Amino acid sequence: DRYPQHQIMGFTDGPLLHRWQDSRSWWLRRLARWEAATYAWAQAHPPDLVLKLRVSPAVALGRKPEMRLEDVARRARAIADLHFTATGRVVVLDADRAGDDVLLACTREIWKEL
């Protein structure tokens, strides 16, 4: 599953309530602080292994035809730009391949960690 990231606000498991940090409402500020604490915890406890599944926009669009090509390309760039500096290991895998091949590659990387 995806690990919380705080590099891109409101995107790919990133904070959604950050815009409320300076709200006039104490309730909205409190919600934003509560959410921020979760991301702070995740940053302080990084995963041992990050598997980045890199998929080309053309393949991603074939798998999710309801999306627009511009959105798929933007998401692919954002995922490529995510950095996990405190993580033990980051492995980029070609997710254009068949699902079973990608699953096998992921499984092999996980077993290397165990």
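**Exercise 1.** List the residues that Leu-93 touches, leaving out those up to four places away in sequence.

*Solution.* The model is predicted; local features need pLDDT of at least 70, side-chain atom pairs count only at pLDDT 80 or more, and totals for chains, interfaces and linings use all residues. Residues are numbered from 1 along each chain as its sequence is written, and side-chain values use heavy atoms, with hydrogens and water left out. Take contact as heavy atoms within 4.5 Å. Leu-93 then touches Leu-51, Lys-52, Leu-53, Arg-54, Ala-105 and Cys-106.

**Exercise 2.** Identify the largest nonpolar core and the elements that give two or more residues to this core.

*Solution.* Step 1: a nonpolar core is a set of buried (under 20% relative accessible area, 1.4 Å probe, protein chains only) Ala, Val, Leu, Ile, Met, Phe, Trp, Tyr and Cys residues joined through side-chain atoms within 4.5 Å. Step 2: the largest one has 7 residues, namely Leu-49, Val-91, Leu-93, Ala-95, Val-102, Ala-105 and Cys-106. Step 3: strand S2 (89-94) and helix H4 (99-113) each give two or more of them; helices (H or I, at least four residues) and strands (E, at least two) are DSSP runs numbered from the N terminus. Step 4: H4 supplies the largest share, 3 residues.

Technical notes:
Buried means under 20% relative accessible area, exposed over 50%, partly exposed in between (1.4 Å probe, protein chains only).
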